[in-house]
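Biologist: Please take me through this model by question and answer, beginning with the overall fold and ending with the local details.

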Amino acid sequence: MEGRAAALGAGTVLNALATGTGAAFGIDVETRATVELDPAADGVEGKIAEDADADTDLIERCVALATERWGDGEGGRVRTDSDVPLAAGLKSSSAAANATVLATCDALGLAVGDGGRASDDAVGDDADDPAVDVTRLAACRLGVRAAREAGVTVTGAFDDATASMLGGVTVTDNDADELRVREAVDWDVLVWTPPERAYSADADVARCEAVAPMADLVADLALDGRYGEAMTVNGLAFSAALGFDADPAVEAMPHATAVSLSGTGPSVVAVADSDDPETDLDAVADAWGDRPGTLRRTTTRNDGAAVE
Ligand SMILES: Nc1ncnc2c1ncn2[C@@H]1O[C@H](COP(=O)(O)OP(=O)(O)O)[C@@H](O)[C@H]1O
Ligand SMILES: O=C(O)C1=C[C@@H](OP(=O)(O)O)[C@@H](O)[C@H](O)C1
């Protein structure tokens with residue numbers, strides 16, 4: 001009983017730490033999970049390829065919760081390998097959880113889908129397609145539960161989890177785990193990841209709550225479909241709240257559709273609308289080039305996570 005799946009990293013449009021409303025978009029950076037189930041095993045043993053010392057509790061809980069819900073409580077092994085840097089604001093926890101839950105479904109021989117309808121309902125929890133055993137949104141909610149239990153999130157991060165699972169841009173209410181908007185988006189993406197790490201669970205929530213009026217404004221812009229402006233305002237507000245330098249954003253603004261600190265940082269993400277000739281991510285890369293850390297060019301993804 002072996003299963004495999006891959007899920008996306010994501011960038012932030014609205015950090016949910018201020019108000020519980022968040023928004024994010026899937027990018028073409030993946031985490032892959034392989035799950036081997038063993039009905040005789042006592043528990044679940046996790047391994048993270050890139051970092052032998054990283055905490056495997058999240059992915060072990062994902063397997064256990066998934067076999068409890070959709071299997072017979074099987075134990076086994078789970079291994080992730082990832083292009084999403086851990087705790088850098090690019091949603092490594094959501095990608096690992098989503099890939100692991102889907103890989104467990106695959107190992108259980110379950111069909112994963114979106115319910116069968118070519119509408120917004122296609123990403124609902126309940127499948128109306130008899131060929132679908134588990135919807136991606138139900139799998140996503142299970143990963144969010146595991147993240148809460150593992151203590152790696154403040155709000156549950158349903159915004160990041162849906163962007164990673166479904167692709168495109170999503171706007172969510174993380175208090176209710178409710179998907180408010182999902183829309184395809186086509187952007188070129190430049191990511192700067194400084195060498196330091198910032199675990200979401202350690203973020204200064206009170207400082208984020210202080211910028212709630214700005215977060216409300218960002219939510220209004222996002223719900224109006226003005227994702228780029230939303231993202232840039234988010235970046236200025238949360239860089240200030242969390243003590244990150246806003247210079248990279250100011251440098252990027254003349255050349256990008258939008259730029260923001262991603263999540264609780266430290267990565268900064270600039271995006272360029274593929275149709276806008278005024279944008280130039282090479283110029284942003286030049287401006288950011290002397291900073292320590294890594295620069296990565298990628299694109300948005302609208303397909304989301306999948307069994308492999
Ligand atoms: N590739 C991975 N495999 C397993 N668990 C992971 C992986 N990446 C991240 N995690 C889990 O997520 C935690 C980091 O979560 P978080 O601080 O929210 O970072 P991010 O902003 O990247 O999601 C790690 O401590 C680990 O428990
Ligand atoms: O833990 C959480 O509830 C969240 C963490 C942040 O993301 P990162 O995990 O990328 O820092 C934030 O953007 C998200 O809206 C909610």
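This is a predicted model: local features need pLDDT of at least 70, side-chain atom pairs count only at pLDDT 80 or more; totals for chains, interfaces and linings use all residues.

Biologist: How many helices and strands does the protein have, and what is its radius of gyration?

Modeller: The secondary structure amounts to 9 helices and 13 strands. For 308 residues the globule rule gives 19 Å, and the value computed for the model is close to that, so the protein is as compact as a globular protein of that length. The C-alpha trace spans about 55 × 45 × 35 Å along its principal axes. The radius of gyration is 18 Å.

Biologist: Which domains are assigned, and which strand gives the most residues to the side of domain 1 that touches domain 2?

Modeller: The assignment gives domain 1 (2-184) and domain 2 (187-299). Their contact takes 27 residues from domain 1 and 35 residues from domain 2. On the domain 1 side, strand 1 (2-14), strand 2 and strand 7 (169-173) each supply at least two residues. The most, 5 residues, come from strand 2.

Biologist: How is the side of domain 1 that touches domain 2 divided by residue class?

Modeller: The centres of the two domains, taken over C-alpha atoms, are separated by 24 Å. The contact between them takes 27 residues from domain 1. By class, that side of domain 1 has 17 nonpolar, 8 polar and 2 charged residues.

Biologist: Which element gives the largest share of the shell around ligand 1?

Modeller: Ligand 1 is surrounded by 23 residues, and the closest are Thr80, Ser92, Ser93, Ala96 and Ser200. Two or more residues of the shell come from each of helix 1 (57-70), strand 4 (75-82) and helix 2 (92-107). By class the shell has 11 nonpolar, 10 polar and 2 charged residues. The largest share, 4 residues, is that of helix 2.

Biologist: How many residues of helix 1 are buried?

Modeller: Helix 1 has 14 residues and reaches 20 Å from its first C-alpha to its last, close to the 20 Å expected at 1.5 Å a residue. Its buried residues, among them Leu58, Ile59 and Val63, pack against strand 2 (21-38), strand 3 (44-48), strand 4, helix 2 and helix 3 (136-150). Helix 1 is largely enclosed by the rest of the structure, because the number of its residues that are buried is 10 of the 14.

Biologist: Is Ser94 buried or exposed?

Modeller: Ser94 is found in helix 2. Leaving aside neighbours within four places in sequence, Ser94 is in contact with Ala10, Ala157, Asp160, Ala161 and Ser164. The C-alpha atoms of Ser94 and Thr80, 14 residues apart along the chain, are separated by 12 Å. Because Ser94 has 35 C-beta neighbours inside 10 Å, it counts as buried.

Biologist: What is the phi of Ala87, and what is the phi of Lys91?

Modeller: Most residues other than glycine have a negative phi. Ala87 is found in the loop between strand 4 and helix 2, and Lys91 lies in that loop too. Ala87 is buried, with 21 other C-beta atoms within 10 Å, and Lys91 counts as buried with 32 C-beta neighbours inside 10 Å. Phi is positive in both residues: near 55 degrees in Ala87 and about 70 degrees in Lys91.

Biologist: Is the peptide bond from Gly265 to Pro266 cis or trans?

Modeller: Most peptide bonds are trans. Pro266 has its place in the loop between strand 10 (258-261) and strand 11 (268-273). With omega near 5 degrees, the bond from Gly265 to Pro266 is cis.

Definitions and conventions: Residues are numbered from 1 along each chain as its sequence is written. Chains are lettered from A and ligands numbered from 1 in the order in which they are written. A residue is near a molecule or strand if its C-beta atom, placed from the backbone, lies within 6 Å of it. Ala, Val, Leu, Ile, Met, Phe, Trp, Tyr, Cys and Pro count as nonpolar, Asp, Glu, Lys and Arg as charged, and the others, Gly among them, as polar. A residue is buried if 20 or more other C-beta atoms lie within 10 Å of its own, exposed if 12 or fewer, and partly exposed in between; C-beta atoms are placed from the backbone. The expected span of a helix is 1.5 Å times one less than its number of residues. Two residues are in contact if their C-beta atoms, placed from the backbone, lie within 7 Å. The radius of gyration is taken over C-alpha atoms; the globule rule is 2.2 Å times the number of residues to the power 0.38. Domain bounds come from an automatic or database domain assignment.
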